[in-house]
There are 2 protein chains.
Amino acid sequence: MQHTHISLAHGNGGRFMRELINELFARHLANPLLNTRTDAAALPEFNGEVMITTDGFTVQPLEFPGGDIGALAIHGTVNDLAVAGAEPLYLSLNAFIEEGLEIAQLERIIQSLATAAKHAGVNIVTGDTKVVRRGEGGGLYLATTGVGLKHPGQNLSMDQIQSGDRLLVSGPVGDHGTAVMLAREQFGMRGDLQSDAASVLPLTRALREFSGLRFMRDPTRGGLASVMQEIHQATGFGLRLWQTAIPVREPVTAVCEMLGYDPLYLACEGRVVAVIAENQAEDALAQWQDLPQGTDAALVGKITTTGQRVILETDIGGERILEELEDDPLPRIC
Amino acid sequence: MQHTHISLAHGNGGRFMRELINELFARHLANPLLNTRTDAAALPEFNGEVMITTDGFTVQPLEFPGGDIGALAIHGTVNDLAVAGAEPLYLSLNAFIEEGLEIAQLERIIQSLATAAKHAGVNIVTGDTKVVRRGEGGGLYLATTGVGLKHPGQNLSMDQIQSGDRLLVSGPVGDHGTAVMLAREQFGMRGDLQSDAASVLPLTRALREFSGLRFMRDPTRGGLASVMQEIHQATGFGLRLWQTAIPVREPVTAVCEMLGYDPLYLACEGRVVAVIAENQAEDALAQWQDLPQGTDAALVGKITTTGQRVILETDIGGERILEELEDDPLPRIC
């Protein structure tokens with residue numbers, strides 16, 4: 001391509017668009033199922049129950065310590081299938097590109113996306129690009145839809161949750177939200193904190209044989225506290241979290257105190273929350289802690305009884321109700 | 001919901017987002033496979049070859065004569081499966097909503113989307129919403145990914161195209177592009193022209209039994225001429241179009257002459273171009289003309305031989321080369 005920046009002509013169905021798709025997107029995403037000349041991709045036969053999920057990505061800035069919107073677009077959708085008890089196989093990709101975006105930056109992001117897809121073992125099989133006018137986008141928005149195969153015999157659902165079940169988290173919370181926040185220039189701060197954005201497949205696969213595993217979720221928008229709220233609202237059960245048990249990195253705590261955020265409400269992009277029967281919780285925790293991405297995993301709370309709320313037992317011995325989020329703490333974080 | 005306009009809090013993972021999803025999206029899109037509390041939807045077993053496609057939608061204005069971005073987001077993806085010889089079944093939906101969008105308008109659009117999905121016989125099974133800051137979006141961008149089942153025995157591909165094949169178009173070209181253009185206030189014009197946006201399923205189903213059917217495509221971005229170019233580039237064959245045979249509505253011609261556009265390059269959103277063996281072309285055309293959406297269908301050209309280009313035989317007896325589009329004629333048209 002002879003251009004350095006995206007122009008409206010890259011979205012018009014003509015030569016510039018063809019070159020952008022072939023020389024940038026298709027080149028990095030190449031796989032036997034991707035054909036830019038077809039309207040729809042034919043998928044190999046499925047042997048099992050098919051699951052599908054979708055996610056949109058608007059993170060700002062597009063590149064941040066520990067990740068970028070491209071890798072995030074893979075991990076977000078791969079992780080939604082993973083926590084649902086499925087193995088991701090195929091992804092579709094939509095790109096909404098703002099006129100004026102530097103093509104070199106777009107290429108870095110699509111390369112990163114391709115690398116993340118390869119590591120997660122998924123293929124991009126169909127895609128679409130649109131160009132929006134300067135000032136009508138945030139540089140780049142992505143959407144991915146993922147198709148995968150459910151693990152036979154694993155039926156994860158909030159309906160399975162029982163009173164007394166334990167709550168595990170696979171690592172420190174709030175790293176992603178804090179890292180993205182710090183990467184925004186208006187804060188005028190820089191830390192060595194990195195986003196936790198990653199595929200959680202090793203973590204979800206590690207719990208596949210646990211019959212007492214009830215439910216998993218990746219605590220993205222709204223963080224750990226919002227997952228607790230969702231469980232509370234869906235099941236009617238109370239939940240109790242032990243603040244001293246919840247892993248939070250020191251710089252996350254420091255930044256949150258300075259800016260007035262609560263790390264329990266900040267997005268993670270590579271963590272899993274699992275609800276599991278009490279008698280299997282310690283074994284499951286040990287499985288996670290044996291993995292590189294689970295060394296800081298912790299047992300952080302339990303399901304209590306109907307009529308209770310979501311309670312945080314604070315490190316000074318008090319109790320705090322974790323309410324559902326109302327005002328926006330942090331836009332464009334994922 | 002107590003709000004009249006979208007705020008950033010509608011994207012934060014908390015109460016406002018939950019209410020937006022449940023009371024607006026899920027209420028209109030309700031079907032047995034859609035569950036807003038799961039990360040991924042489980043699909044019923046497939047009996048046949050699965051096809052998948054995706055499309056993004058950025059049309060401006062969001063509502064225009066004959067359609068809106070919601071209906072377009074269904075038709076675009078349904079039509080991509082239809083022209084690939086598949087029956088669409090399930091869709092995922094991504095919404096990128098700009099802070100400040102009027103909720104009443106969003107609801108009209110999602111209602112229209114739901115109606116279009118119902119008419120096309122598809123269910124939205126999974127979705128995601130993101131809110132972007134005021135000034136960082138065009139009100140609403142949508143993306144849909146569609147999954148369908150390929151008709152057994154039908155193998156449509158540009159590879160099937162042979163010299164001498166005929167080109168059919170299912171109706172007048174350029175209505176959608178012109179209607180959207182007129183709906184933009186800066187032109188200061190209003191016409192009674194409507195977008196042709198619609199599901200093309202009745203048209204593609206009508207040709208299912210034609211063994212000589214080689215390939216179909218919906219001429220969206222770049223219009224009829226760009227489909228001709230794609231065929232030319234993929235096959236090496238020349239193509240010859242007969243201008244007097246190509247259906248173009250009078251107001252489309254008038255507007256295009258005034259504004260300097262060529263209707264052959266303007267988007268359609270409810271038309272099909274079919275390439276079919278010469279000896280079946282008249283029968284196929286008759287099938288289309290029997291349908292309400294095919295009354296103006298026409299045989300508009302033929303595949304010539306290798307080494308030739310895409311030629312338009314003009315109505316005054318001359319010849320014009322139809323080149324690949326380079327500069328942008330019309331941004332945000334689909």
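Me: How many residues of chain A are in contact with chain B?

Reply: The model is predicted, so that local features need pLDDT of at least 70 and side-chain atom pairs count only at pLDDT 80 or more, while totals for chains, interfaces and linings use all residues. Side-chain values use heavy atoms, leaving out hydrogens and water, residues are numbered from 1 along each chain as its sequence is written, and chains are lettered from A and ligands numbered from 1 in the order in which they are written. With contact meaning heavy atoms within 4.5 Å, chain B takes part with 73 residues, and the number from chain A is 73.

Me: Which residues of chain A lose the most area to chain B?

Reply: Buried area is the accessible area (1.4 Å probe) that two parts lose on being put together, summed over both. Chain A and chain B bury about 6000 Å² between them, with 51% of it on carbon and sulfur atoms. Together giving 13% of what the side of chain A buries, the residues that lose the most are A:Asp39, A:Ile52 and A:Arg221.

Me: Which residue of chain B forms a salt bridge with A:Arg221?

Reply: A salt bridge here is a side-chain nitrogen of Lys or Arg within 4 Å of a carboxyl oxygen of Asp or Glu, and the count between chain A and chain B is 10. For A:Arg221, the closest N and O atoms are 3.0 Å apart, and the partner is B:Asp128.

Me: How far apart are the centres of domain 1 and domain 2 of chain A?

Reply: Domain bounds come from an automatic or database domain assignment, which divides chain A into domain 1 (8-150) and domain 2 (158-321). Taken over C-alpha atoms, the separation of the two centres is 28 Å.

Me: Which residues supply more of the area that domain 1 of chain A buries against domain 2 of chain A than any other three?

Reply: About 1600 Å² is buried between domain 1 and domain 2 of chain A, and carbon and sulfur atoms give 60% of this area. On the side of domain 1, 32% of the buried area is supplied by A:Pro65, A:Asn79 and A:Val83.

Me: With which residue does A:Glu87 meet in a salt bridge?

Reply: Side chains of opposite charge can pair when their charged atoms come close. Between domain 1 and domain 2 of chain A the count is 2 salt bridges. In the one that involves A:Glu87, the N to O distance is 3.3 Å and the partner is A:Arg208.
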